[in-house]
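User: I would like to learn how to read the pockets and the core of a protein model. Could you take me through them step by step?

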Amino acid sequence: MLAPYASNPAVSRGRLHFESPSTRRDAFQRDRDRIIHSTAFRRLKHKTQVFVSPDGDHFRTRLTHSLEVAQIGRAIARTLQLNEDLTEALCLAHDLGHPPFGHVGEDVLAARMAPWGGFDHNGHTIRMLTTLEVRYADFDGLNLSWETLEGLAKHNGPVASPGWALGDYNALHDLDLGTHAGPEAQLAALADDIAYDNHDLDDGLRAGLFTLGEVAAAVPLVAECLDAVRARHPGAPDDRLAAELVRFQIGRMADDLIDETARRLAALAPNDVDAIRGAGAPVVSFSEAMQAAERDLKRFLYANMYFHARNLAMREPAAAVTGELFDTLHDDPSKLPADWLARLPEAEPARARHIADFIAGMTDRYALKSFEALGGQIAFPPGAII
C-alpha cells in the first residue's frame, strides 16, 4: 500500500549499467540486499560512532547505529505509506563513507586532501557504492538504482556545490542535485537524528559522562519524557528509567514527525514523488516545537558528550594516526598493500585520492594496526574511552 507520492520501484529511473529485472525482488529490495552484502557495510562494525574502538560491547558502533536508523525509518515509512525498502536501503547506507575515528578522521583527511579537492563522507559514500566496491564482473560499484543514489546524495537537502567525488558520479548519472530528495530520503535523514540523539544519550549515561538528573535539568524535552516515564514506573532504578526514557522519547519524536509530515502532505497534496522533490522545502519534518527541542538536546550532547574531556582526549591520537598514515603512504606508496599499489595512478589528484580511498575504508582497529605496522607508536591518555 504505497501512497501516490511514495517512490515506486516499478517506475524507477534505472541504473547506470542496465541489468535485467529480477523476477523475485524489485529494484529497491535489490539495492538494500546489495548494501547489506557489501564489504563496506561489514566494516561499519569496527568504525567509530562516538567512542573510538570502545572496550564495552554495549556501546554503539556505526553498524549498530545504522541498523537502529533503519528500524526507526522503516516503522515510520510504513505509517506514512512510503516505500519501506528504499527507506531501509538509505538508512543502512547513509554512513558507509565515514573514515576511521569518525569526524576526527574525516577532518584530518579533508585537510590532507585540500590540495586535491578535499574529502567529505557523504561524497565518499557515493564513491564507495559506485566505484570502490568491486563485487561484479561487469561494472565497478554496486550499480544501485537512481533513487537510492539520489537519496544518499541529497538526504540533507539540495547540493549546490558538490565535491569532486559526488560531482564525478553526477556527471555520469545526473542525480538532479538542485532539488530536494524524495520523501524516503528525507525520512532517512530524520530517522538518523532520532536514532543518534537518543542512543547517544543512552551511551553517554552508560559511560557515566552525565546523569539523568543533569540532562533533564538542561533539556526540557528530556525532563518532560522522564516525568512521564517515572509516572508509569514509580520506584524504578535509574538504569531502567534510562532505557524507558530512550524508548519513550524515540516514540515521542517519531509521532511528532509523522503528525507534522501528514500536515505538510495535506497542504501540498502531491500527486507523485516529483511533486515532493519540487516542493522547494522539506515535506518530511519535525514540528517547529520539536525542532527547537531537538536542538536543545543536541547542544547538551555536544557540550557533555562529544566534547567531553574523555572524548576530546581521544581526538589528538586519532588525528595523529590518520594524518601520519596519509603522509607516510603518500610519500612512499610502496608501503601500500600489493593490490592497492598495483592500481596506484601515476598523477595527481588521482594518486592522492587513491590513498585517501584506502585510508577511508579502514576500520578503527585496522587503522591502528596499519599505523603500528608502518612503525608508528601511539599512546591513548589514561581514562580515555577506547
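Analyst: Let us begin with a term: helices are runs assigned by DSSP, of at least four residues, and they are numbered from the N terminus. Please keep in mind that this model is predicted.

User: Which helices each supply at least two residues of the lining of the second largest pocket?

Analyst: Those helices are α2 (39–43), α6, α16 (338–342) and α17 (350–360), and the largest share, five residues, comes from α17. The lining has 22 residues in total, with Leu-132, Trp-340, Arg-343, Asp-357 and Phe-358 nearest the centre of this pocket, whose volume is about 510 Å³.

User: How much space lies in the largest pocket, and which residues lie nearest its centre?

Analyst: The largest pocket holds about 1200 Å³ of space, and among its 47 lining residues His-103, Asp-192, Asp-193, Tyr-196 and Tyr-302 lie nearest the centre. Helix α9 gives the largest share of this lining, seven residues, while by class the lining divides into 19 nonpolar, 17 polar and 11 charged residues.

User: How far does α12 reach from its first C-alpha to its last?

Analyst: With its 31 residues, α12 reaches 44 Å, close to the 45 Å expected at 1.5 Å a residue, and the helix is followed by Ala-269, whose phi is positive, near 50°.

Key
Residues numbered from 1 in each chain as written. Predicted model: local features only at pLDDT ≥ 70, side-chain atom pairs only at ≥ 80, totals over all residues. Heavy atoms only, no water. Expected span 1.5 Å × (residues − 1). 1 Å grid on protein atoms, 1.4 Å probe; cavity = no way out; pocket = protein on both sides within 12 Å on 5 of 7 lines; lining within 4 Å. Points joined across faces, edges and corners; volume = space filled by probe spheres on them. Nonpolar A, V, L, I, M, F, W, Y, C, P; charged D, E, K, R; others polar.
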